[in-house]
Amino acid sequence: MTKNRALAEWVNEVVELTQPDTIQWCDGSEQEYQTLIEEMLTTGELVELNQQTHPGCYLHRSDPTDVARTEHLTYVCTAKSEDAGPNNQWMAPEEAHAKVDALFEGAMRGRTLYVVPYCMGPIDSPFSRCGVELTDSPYVVANMRKMTRMGSEALARIERDGSFVKGLHSLGDLHPERRFIMHFPEELAIKSIGSGYGGNALLGKKCHALRIASWQARQEGWLAEHMLIVGIENPQGEVRYIAAAFPSACGKTNMAMLIPPTQFEGYKIWTVGDDIAWLHVGHDGQLWAINPEAGFFGVAPGTGVETNPNAVEMLNRDTIFTNVAVTEDNQPWWEGLSNEIPKLDWTGKPYDATSGKKAAHPNSRFTVAANQCRSYSSMAEADTGVPISAIIFGGRRKSLAPLVYEAKSWAHGVMVGASVASETTAAAVGKVGVVRRDPMAMKPFCGYNFGDYWGHWLSLEQRAAKLPKIFHVNWFRQNEAGHFLWPGFGENLRVLQWVLARCEETGDAIESPIGWLPDKNAINTEGLAISPNAMEQLVSIDIPAWQQEMQDIAGFFEQFNDRFPQQLKRELDRVMGELSPTAKKKAANSA
Ligand code: OXD
Ligand code: MN
């Protein structure tokens, strides 16, 4: 089935271990996809949605215990535990292999083993990397076809390049106690069992394109990041690209396809990617980014005509929905889509609107090919990727973090990224709304020790002469009454306009200890119903609260011991020094 010996041998080994009834090498064709859909409709793994309103759309209802990423069951298995770092759960490779191989034994009896070759990134890009997922889930195969360049072309590239990431996946018995997502970066291998949920089971995504790729990227001198990539075209037709990292379910998809406010006539938004960016230093000294994915696996709740009209439009056809509710006439439904009361909840039971429960699961998802999005950029298919003008970090924080600020240097920006904190969301199993540190939005995804990772980020300064500026944003600031101060969504373009102005050395800013804040009138608020008081609150900082925050950040960094880069320590000390009361006094005296 393949000329690649390593691949053929590995498939044979897996067949021996898992004992599938049949083996299917996937070619990625439309016919193959349709056959899989038909099969899943027969077994009940998929339910047909209203084909008049939503042609080619289907619903998958997952096992109710399998609805999100399971960080507590996710391991990085490096030879030395320090290489995985305190940011990961670690298991010795031999122990991890033994543990999961015991679960894989005979796991595919009565099932088909699908061999899924895939390419992360444009098929001919030198920055793309390939993998093969062996899975017994047709749902995974159908999703991988939307999310990656999957099939014959990927296999041809693997046969040309010789190398690929090995990803073994089985649904197992779906029992949470027999669920593990193991990564072996030194072997470029992944073993995932017991879950069909996207983040655990579509191995090209988080497992390969972030955890394994971040490890490879460090060795090869590039970055694999949890970032959207968006192009902003001004009325003169110039396009500038921004890469932005936000924790899961914090609006990356919305930002990647935002609609400019009416006052921004002549502006256009181009979506390159909504979740992952691979960044390389170009010959010109700039950072160039590709989106390794070919589709969107987005959070459905909150996606509506007000918040993300581009997404609503692209979901009207050829989409696989997971754990959404359905309406009386069998259309997909979720909170934030319309005021209609759905007929069935995400488990398929009649929905009782008086129960106070959500009808769609809060982490219900859509899987859709990226080229269905009206704002999809043709540059997303470019082998070179796109040049990045600005990097933005952000988190979901009710208080403290201003709407936007700019780091004073690359090293300071790395520290800003390293100290990102955000409230947890439904994308991972666990309590929602708890503030946790999520450096570079990579807490669940960095495949190695964060100390080494920050060192790698810092080292780019030696290799890239024209690095982007780094910013931090917070769309989620609230007032005392618990209302959002900033309208968000399309209006975020106002903030991005200031970001890009700063990159061209124009936007007005005021220096503060934590970075450059927009000057009072620097953000265009024309046509926006926002009080000067709210705006003032959004772009100012509370010094005592920031002193406390820096103490907290320093405490967080301590766990990385001798892996923590000294250069970051110096940045931390500098900011703390500038925030201290004596620094304020000194500044006042010299004024
Ligand atoms: C995602 C996530 O699904 O970050 O993108 O969990
Ligand atoms: Mn994500």
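Predicted model: local features only at pLDDT ≥ 70, side-chain atom pairs only at ≥ 80, totals over all residues.
**Exercise 1. Cysteines**

Task: State whether Cys446 is buried or exposed, and work out how many disulfides the structure holds.

Solution. Cys446 has a relative accessible area of 0%, so this residue is buried. A disulfide is a covalent bond between the sulfur atoms of two cysteines. In this exercise a pair counts if the two sulfur atoms are within 2.5 Å. Take Cys77 next: its closest cysteine sulfur belongs to Cys207 and is 11 Å away, which is too far for a bond. For Cys446, the nearest cysteine sulfur is also that of Cys207, at 14 Å, and Cys446 is in no disulfide. The count for the structure is 0 disulfides. Cys77, with a relative accessibility of 1%, is buried.

**Exercise 2. Surroundings of Glu406**

Task: Locate Glu406 in the secondary structure, decide whether Glu406 is buried or exposed, and find which side chains form polar contacts with Glu406.

Solution. Start with the position: Glu406 belongs to strand 24, which spans residues 404–406. Next, accessibility. Buried means under 20% relative accessible area. Glu406 has 4% and therefore counts as buried. Then look at the side chain. It makes a polar contact of 2.5 Å with the side chain of Arg502 and another, of 3.1 Å, with the side chain of Lys469. Finally, list the contacts, leaving aside neighbours within four places in sequence: Glu406 is in contact with Lys469, Ile470, Phe471, Trp498, Arg502, Gly515 and Trp516.

**Exercise 3. The site of ligand 1**

Task: Identify which residues surround ligand 1 and which side chains place a polar atom by one of the ligand's oxygen atoms, with the distances.

Solution. First collect the surrounding residues: Arg69, Lys205, Lys206, His226, Ser248, Asp275, Phe297, Arg365, Ala427 and Phe445. Then go through the polar pairs. Lys206 has a side-chain N or O atom 2.9 Å from an oxygen atom of ligand 1. For Arg365, the distance from a polar side-chain atom to a ligand oxygen is 2.9 Å. For Asp275, the corresponding distance is 3.1 Å. Last, the cover: on its own, ligand 1 has 210 Å² of accessible area, and the protein covers 95% of this area.

**Exercise 4. Gln216**

Task: Describe where Gln216 sits, which residues Gln216 touches, and how the position of Gln216 relates to that of Tyr405.

Solution. Gln216 is part of helix 8, residues 204–220. Its relative accessibility is 8%, so Gln216 counts as buried. Beyond residues up to four places away in sequence, Gln216 touches Arg129, Leu188 and Trp222. Along the chain, Gln216 and Tyr405 are 189 residues apart, and their C-alpha atoms are separated by 31 Å.

**Exercise 5. The whole chain**

Task: Decide how compact the protein is for its 591 residues, and summarise its burial and contacts.

Solution. Begin with the elements: the protein has 17 helices and 29 strands. The radius of gyration is 24 Å, close to the 25 Å that the globule rule gives for 591 residues, so the protein is as compact as a globular protein of that length. Along the principal axes, the C-alpha atoms fill a box of roughly 80 × 55 × 45 Å. Of the 591 residues, 59% are buried. Among contacts with a separation of 6 or more, 73% join residues 24 or more positions apart.

Notes:
Residues numbered from 1 in each chain as written. Chains lettered and ligands numbered in written order. Heavy atoms only, no water. Helix = DSSP H or I, 4+ residues; strand = E, 2+ residues; numbered from the N terminus. Buried < 20%, exposed > 50% of the residue type's maximum accessible area, 1.4 Å probe, protein only. Polar contact = N/O pair within 3.5 Å; in protein donor to acceptor, adjacent residues only side chain to side chain. Contact = heavy atoms within 4.5 Å. Rg over C-alpha atoms; globule rule 2.2 N^0.38 Å. Near = heavy atom within 4 Å. Areas by Shrake-Rupley, 256 points an atom, 1.4 Å probe, with all protein chains shown as cover.
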